Amino acid sequence: MELLQKHILTAIIFLPFVGALVISLINSERKNLIKFLGLLFSTLTFIISVYVFIKYDPAKTGFQFVEKYPWIQSLDISYKVGIDGISLLLLVLTTFLTPVGLLATWSSVDKRVKGYVIMFLLLETGMNGVFCALDTFLFYIFWETMLIPMYFIIGIWGGENRIYAAVKFVIYTMVGSLLMLVAIIALGNFASQMGGQFTGDLEKLYEVAPKVSLNAQILMFLAFTLSFAIKVPLFPFHTWLPDAHVEAPTAGSVILAGVLLKMGTYGILRFSIPLFPEATFIFLPYIAVLAVVGIIYGALVSFVQPDLKKLVAYSSVSHLGFVVLGLMGLTIESVQGGLIQMVNHGLSTGALFMLVGMIYDRRHTRMIEEFGGLARVTPVYATFFMIVALSSLGLPGLNGFVGEFLILLGSFKSKFLGTTAFAIFAATGVILAAVYLLTAYQRIFFGKLTKTENQSIKDLNLREIVSLALVLIFIVWIGIYPNTFLKKSEPSVKKVVEQMEKYRSGVFRAQR
Amino acid sequence: MSLQALVFLVLSFIAIVSAILMITRANPVKSAIFLIINFLSLSIIYLTLNAQFIAIIQVLVYAGAIMVLFVFVIMLLNLQDEKKLSDKLDLRKVVALLFVLLVFGRIALGLGKSVSERFLKQAENSVEIGKVEFIGEKLFTNYILPFEITSLILIVAIVGSIVLAKRKFE
Amino acid sequence: MHKYIGLALIFPLIGFIVNGLFGWKIRKEKIIGWIGSLTVGASFVVSFLVYIELLGLPSYARKFTVEYFSWIKTGGLDISFSYLVDPLSVLMAMVVTGVGFLIHVYSIGYMHGDKGFARFFAYLNLFIFMMLTLVLADNYLLMFLGWEGVGLCSYLLIGFWYDKPFEKMTTSDAGRKAFIVNRIGDFGFLIGLFLMYKYFGSLNFNTVFSIASKLQVGDSTVFWITLLLFVGATGKSAQIPLYVWLPDAMAGPTPVSALIHAATMVTAGVYMIARSSVLYALAPTTMEIVAVIGALTAVYAASMGLVQNGIKKVLAYSTISQLGYMFLAMGVGAFSAGIFHLTTHAFFKALLFLGAGAVMHALDNEEDIQKMGGLKNYLPITYKTFFIASLAIAGIPPLSGFFSKDEILWGAYSQGSFWLWLLGAIGAFMTAFYMFRLVALVFETPARYGAKHPHEAPKVMTLPLVILGFFSAVAGFIGIPESFGLKNLFHHWLEPVFEDANAKLILESAHSTTTEFILMFISVLISAGGILLARYLYLERINVVAKLTQTFSGIYKLLYNKYYVDEIYDTIVVKPVKWGSEKLLWRFFDVKIIDGIVNGSARVTSAVSSVIRFIQNGIVQFYAVVFLIGILIILWLIF
Amino acid sequence: MIPLSWYLFLSLTLFTIGVLGVLIRRNAIVIFMCIELMLNSVNLALVGFSSYIGNELGQMLVFFVMVVAAAEVAVGLAIVIAIFRNRLTVNIDEINLLKW
């Protein structure tokens, strides 16, 4: 037990990997056993991460549960993991969504189940690693690691146009991440110029990077941020998203929307902003503009989508725009809102994708016009869809509102953004979200049941209800009592924000 | 010229000639036989370097086991003679020869510069090093881990070659 | 007792959960219906007990904040689930739960045999919960929770019969329209909250109001805050220009129209302004805007009500118009008059809607008043109560509507201007006219409904009618104008709430009682005139009506089609947005431009590769030669 | 005594012949033999260094090289057999599976 306590983050990162190894030894015909083991390992990971969540002490500053082992000593690159309030939430979200996603799509994947579950567990390892890594090189490796399973998940188990989508996804992401690698190396180099030692240690870089000359900061900031912006995806780098989402299998979409997109925003908060404060101040308004454009653009485009899954995909663009705006606001409220909105988006969009998958399993189409009047035949499904849609459009009392409200509130009063116009334009997204979600909802569930194929649709089964109910618990929880989560992340967020305010007031500028 | 030098020169002459013959024979069986000759001469050269253990292993493993395997496969496949080399003296081969010679020349030049003045005599303990006793002791103490890993490699090789070579069961 | 105000919220919530989750298992309508009703009844009892408690206290002490648990706490923001118990909120809570309880009971009869019986009661209970949250909240954010929550319930309940066609669309279209239009208003509300937070640093009523009471009148930020909040109110309370959803909201079941779209939810905007009276008192410009919008809405909506043929449609426009009166009151600073009208309106408008429901119930859901008539004899109770309510809304003394409306008109004249009073008076005339046109066409003219056999509704439905009828008749006496020499109980009760605001307003103290009486007399005359005209035209000279509509067919059509506002909104907002989003943003910008660049770069790569791939000829030895060349180069570089 | 350079030149010559063989022959088996020749030439250099420097490392390495060579030959010849079975040839010009 003590061993586990000491290496708890390593356990969280590599337990799914162990699971993948175990599953690889099983005969691929025993599909149920494989799925069960996949679920078991991911659930165990979730349980451990809940333990970490409870044990995490927000009162302490800095990173917790840190483990550090030298890796490439001459370059001071190490296996260093640790979490603070920011990564804590996302880590728990990841470990939560993986088993839920597996459970929700238990029966929808039928071919090559073994490979599917293995890919999923490997993906989880990569994602957990990204959120825990405190070394730029380690981060980069995990960042790329999780690309590969995702590529296969889309490329093998996806829809008709899966190869195009998978390649587009990988190439888009690669373009950004290679630039990031260059920036990571450059950053290490600057560290060796200034401190005498090349390093990948994030905490040391936090000290060094802000003192780098402004031009270099700008270049590195752009390299990092481009990579993250593609992942987010920030308008106009978003076009991989609808394709990837539409082609990916349901659980893939859940993870893609729920976790992968968050890596972009997480990266901005973890790397771009604190490492390059001066560059951040320069680019902040532009990024905020893109975020706001993304909010409105995503909402408008999803309003006219005939494909339900694409609609949800574009709505992600809109929601993530909120997150980015929150991060750019750089007030405690808005960053906290951004953080909680990341979790929210993971939950509600994840649930939306699960719901879309469930109807797709039954009808083998996602075209909205093919449905209509489903509330009559599938009342339970309709109810779940309603609640999730309401959460996604930000109804107070459900999770979406807390995030959006905090983001808008914070960015409205933000000194960094300087103008309230961002928040005002972004707030129109709240109206538009109601427009596209309710329109789609109405066309699917309300009206007369016209199509005969729809009359025999079965309502949700117990497994599906359980998987959705698990998500709903958190949707309501965050809606009613977000403090459980806000409390954990507040000190870490506060630290970042206060640091930025100091930089803004020019305390550190003199030192350079 | 000492006896040692004479032995070396004769053996190296045999080795080089047999190597050239090996790569120029059209019949693979003949190539194999020349390669065996080459290996045997090399094993004697090892003796001149006081490496008794390696010399014996060379005969056992290379000239014995590996070459038997080669010959066995050649016989098994019952290969035809390759066309005469000169018939196909095409551009590709000329280019290959040219580049090989260039590489040879370049390395030879470098070698001539770097080691010609050094390593004129064998080390004092060279006799000691080459003994089976010494090598055995080292293998089972300092090099025990790689030594054990070789067993793994061999197992994998055995399994792999069986899997590859066996006919598919219908 | 005030500590347990949370119980008032918990009961409907329990009802919602029980009916929502287990309703399909309970199956027995009686049980479901009474669970729904009694939970609301219980919360009425709680509010009433709190009221009694407050009564026992001196007026300055009638204010408590009850905090349960923290909701959002981060940075400088600290929002709790905490409730404000003061005369205004308790009054609102009693109105909501009282009228709500009666409507719940009525619904047991009205919804009898409906497939979604449990769902209906679950939604209604949720609505009561949200509405109580709205009125009891002690901060703006919690209020906003209720604000949006009631919008949600309204959406769900309007579209309750989601596969029923409704005019040119379906009921769910109407629900969606309501929600989205409300959201547009909420957008303003939200921005208002942001501005408030930025300016005051808090969203709690106590903090905001105590800071505000120290500010100067005419503060520009406060002007923007109040204006933005008012935008929210125009959405929720269906004022110009966001009123368009309310007439369509009549697609919902009639009890819903009575509860949500007449008595309670739509008055939320009025309540919000009354609650923020301190802020509004600081912004005279906003007050003027509120008053003008209110007065215009009152007349504008009433004019459309004149010619509508749907029984509920008429009532819907009447609601909008009456809400206009309430805003007029708010705008001229007659806060307690507005709340007074809100209260009496809750009674008589709920009664009117329930009466309409009883009529429709009797005629197999017929809504067109041209196909009714002569129901007086078949539905005696409904007729009598409906008649009383119509008199009340028309403002005939001594029924409740007279006192409240007259107070507003007096306020408009004394605090505002003659023009506001005139608009109000025109509206009053129209109100009287269309109400009695309705009464005449539905109950008194010869029957035109063919072979149907109308019958009076069951007791469970008529009893609420009678109770509401009683209150519609007598509720006015709690607010008799002071000029009659009696104590105005209602004003007195609300006095502590509006103290601060009234202190800021420059009230015309020296008004003459004579003018007040004259105006009162004129307005009664106007109402009576409207009533008599309607009765004369529709009962005696029905052919004149037809002739009039022919002569003024242009105006008639304009009114009947609601000034074509829906169509205008559709052409200038909805369609361009849809077209632009699809053709311009998605199909052109996303697919052509961005993806064009992305796919273009891929195409360039593959074009280049298709040329250089011939190097890969598959002959290993060729690769080895290349390999060798590489070695050669490296060797050259090293040595 | 002969200097080390003689051994090294012999090693280099044999290695070059091996490379040439790899490049010009078409018979996969002969190519294999050429590779063996190259390995041996490297072994020679290693042993030479070992005894001139007086360090046993070189001979250890030779031992392991031999093990690997043995394994490689086994697997390689198995591949040749498998290919021959499918294609009835060991001419590597005809086995251009790597072509684009």
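This is a predicted model: local features need pLDDT of at least 70, side-chain atom pairs count only at pLDDT 80 or more; totals for chains, interfaces and linings use all residues.
For bookkeeping, residues are numbered from 1 along each chain as its sequence is written, and chains are lettered from A and ligands numbered from 1 in the order in which they are written.

I then looked up chain A and chain D, which do not touch either, since their nearest C-alpha atoms are 19 Å apart. Which chains share the most contacts? Of the 4 pairs of chains in contact, I found that it is chains B and D.

**The contact of chains B and D**

I read that this contact takes 59 residues from chain D and 70 residues from chain B. On the side of chain D that touches chain B, the elements giving two or more residues are α1 (4-24), α2 (28-53) and α3 (57-87) of chain D, where helices (H or I, at least four residues) and strands (E, at least two) are DSSP runs, numbered from the N terminus. I saw that α3(D) gives the most to that side, with 20 residues. By class, the residues on this side of chain D divide into 44 nonpolar, 11 polar and 4 charged; Ala, Val, Leu, Ile, Met, Phe, Trp, Tyr, Cys and Pro count as nonpolar, Asp, Glu, Lys and Arg as charged, and the others, Gly among them, as polar.

**The contact of chains A and C**

Next I took chain C, of which 38 residues are in contact with 43 residues of chain A. The elements of chain C that give two or more residues to this side are β1 (64-74), α5 (140-158), α6 (171-200) and α24 (565-612). I noted that α6(C) gives the most, with 13 residues, and that the side of chain C that touches chain A has 19 nonpolar, 8 polar and 11 charged residues.

**Chain C as a whole, and its hairpin**

I recorded 25 helices and 4 strands in chain C, whose C-alpha trace spans about 115 × 65 × 55 Å along its principal axes. Buried residues make up 57% of the 639 residues in chain C; a residue is buried if 20 or more other C-beta atoms lie within 10 Å of its own, exposed if 12 or fewer, and partly exposed in between, with C-beta atoms placed from the backbone.

How do β1(C) and β2(C) run? I found them antiparallel and joined by 9 bridges, and two strands pair if DSSP finds at least two bridges between them. C:S70 stands opposite C:S80 in β2(C), and in the hairpin, which has 2 residues between the strands, C:G75 takes a positive phi near 55°. Strand β2 (residues 77-85) of chain C has 7 of its 9 residues buried, so it is largely enclosed by the rest of the structure.

I also looked up C:L38, which has its place in helix α2 (residues 29-55) of chain C and is partly exposed, with 16 other C-beta atoms within 10 Å. C:L38 and C:V105 are 67 residues apart in sequence and 8.7 Å apart in space, C-alpha to C-alpha.

**Helix α19 of chain A**

I checked the length of helix α19 (residues 421-445) of chain A: at 1.5 Å a residue its 25 residues should span 36 Å, and its end C-alpha atoms are 37 Å apart, which agrees; the expected span is 1.5 Å times one less than the number of residues. Where is the kink in α19(A) centred? I found it at A:I431, with a value of about 25°, the bend at a residue being the angle between axes fitted to the seven residues ending there and the seven starting there. Of the 25 residues of α19(A), 18 are buried, so this helix is largely enclosed by the rest of the structure, and just after α19(A), A:G447 takes a positive phi of about 80°.

I noted a cis peptide bond joining A:F235 and A:P236, with omega about 0°, and another cis bond from C:I240 to C:P241, with omega near 5°. B:N50 has a positive phi of about 65° although it is not a glycine, and I found B:N50 buried, with 20 other C-beta atoms within 10 Å.

Key:
Two residues are in contact if their C-beta atoms, placed from the backbone, lie within 7 Å.
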